[in-house]
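Please read them with the structure open.

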Amino acid sequence: MTNALDKFFTFLFYRKGLAIFLLLAPLLIWLGVVYLGSLFTLLIQSFFSIDSFSGVIKREFTLESYYDLFRQSTNWDIIIRTTTMAFTVTVVSAIIAFPIAYYMAMYAGPKLKPVLYLGVMLPLWSSYLVKVYSWKLIMAKEGILTWCLQELGLLHLLDVILSIPVIGGTSLSFSYIGMFLVFVYIWLPYMILPIQASLERIPKSLLEASSDLGGGPAQTFRKVVLPLAFPGVVAGSIFTFSLTLGDYIIPTIIGNSSYFIGMAVYTHQGTAGNIPLAAAFSMIPIIIMMVYLMIAKRLGAFDAL
């Protein structure tokens, strides 16, 4: 048995291509069958339709589901609302994450850096639902945030913010502002880590060369650090944008009754039983992310992952 194994590994040693293929085969099968196969099935389902009288799916090629999707203004509102929220969360997450990542990469010492890593990653170790429900309690009308603002005499400021049309509501837990805060909190680590990784790759010699050539701190940051760190920002945006785009739990628990794409897909598939329309709706974030990933690739984001 041992001799047979030795011969087998010797055979693979001289055939590197075959060895790599055998190592990657389980992953390729999983990716091809389970992941890509499910997406292909979803695409096929979107070209079916549902009989309005019997509710039975008609397995005939048609664009009726896409016609139903795009002819209703409410569906356009859902798409625009979701994309706007994803874009806003991504931009604000990048603004918050960059100083944190910059300090971790450029100034934190060997003792402090692991502590900062732990602080960034610690929220990822707790339950997603527990974090969302915790924020719902924190931002409730009787929550600790309202109490703190009342004690500080700033409750009127919260009332002014909540009175803003469209983004306001009866309380933070029933408003787009509250939903936005939870999204940023949940996905912020996914923005910090890629930016920090890209900043770590910047050779210190480039910063010293910029200083020797007369570049001040602001000019060095603008001309050297920011361009080299930008692929990390784009890489982090892939996570924050895509995760916000497809999430349906946070909009269900936090915020008002306005639908997002994930909620619409869940409703059409579950409550209404209209699987073709749900599949057509599911293709929207996939198409958006395909375009987004093409842009991100051109900006060098994959080099920072």
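1. T83 is partly exposed because its relative accessible area is 24%; buried means under 20%, exposed over 50%, and partly exposed in between (1.4 Å probe, protein chains only). T83 belongs to helix 4 (residues 73-106), where helices (H or I, at least four residues) and strands (E, at least two) are DSSP runs numbered from the N terminus. Leaving aside neighbours within four places in sequence, T83 is in contact with F241, L245 and I288, contact being heavy atoms within 4.5 Å. T83 and I288 are 205 residues apart along the chain, and their C-alpha atoms are separated by 8.8 Å.

2. On the basis of these notes: this is a predicted model, in which local features need pLDDT of at least 70 and side-chain atom pairs count only at pLDDT 80 or more, while totals for chains, interfaces and linings use all residues. Residues are numbered from 1 along each chain as its sequence is written, and side-chain values use heavy atoms, with hydrogens and water left out.

3. The largest pocket has a volume of about 320 Å³. A pocket here is an open set of points on a 1 Å grid over the protein atoms alone, where a 1.4 Å probe fits, with protein on both sides within 12 Å along at least five of seven lines; lining residues have an atom within 4 Å of a point. Grid points are joined across faces, edges and corners, and the volume is the space filled by probe spheres set on the points. The lining of the largest pocket has 13 residues, and Y35, L39, P285, I286 and M289 lie nearest the centre. Helix 2, helix 11 and helix 14 (275-298) each supply at least two lining residues, with the largest share, 5 residues, coming from helix 14.

4. I44 is placed in helix 2 and counts as partly exposed, at 35% relative accessibility. I44 and A280 are 236 residues apart in sequence, yet 9.4 Å apart in space, C-alpha to C-alpha.

5. Helix 2 (residues 16-46) also holds L22, which is partly exposed at 41% relative accessibility. L22 is one of the residues that make a nonpolar surface patch of about 1200 Å²; the others include F21, W30 and V34. Patches are made of residues with over 30% relative accessible area and no salt bridge, like charges being joined within 9 Å and nonpolar side chains (Val, Leu, Ile, Met, Phe, Trp, Tyr) within 5 Å. Accessible areas come from the Shrake-Rupley method with a 1.4 Å probe, and for residues only the protein chains shown count as cover.

6. How many salt bridges are there? The count is 2, a salt bridge being a side-chain nitrogen of Lys or Arg within 4 Å of a carboxyl oxygen of Asp or Glu. E200 and K113 form a salt bridge with an N to O distance of 2.8 Å. E200 is partly exposed at 31%, whereas K113 is buried at 19% relative accessible area. R71 pairs with D68, the closest N and O atoms being 3.1 Å apart. Both R71 and D68 lie in helix 3 (residues 64-71), 3 residues apart, about one turn of the helix.

7. T220, in helix 11 (residues 217-246), is buried because its relative accessible area is 10%. Not counting residues up to four places away in sequence, T220 touches L207, S210, G215 and V225.
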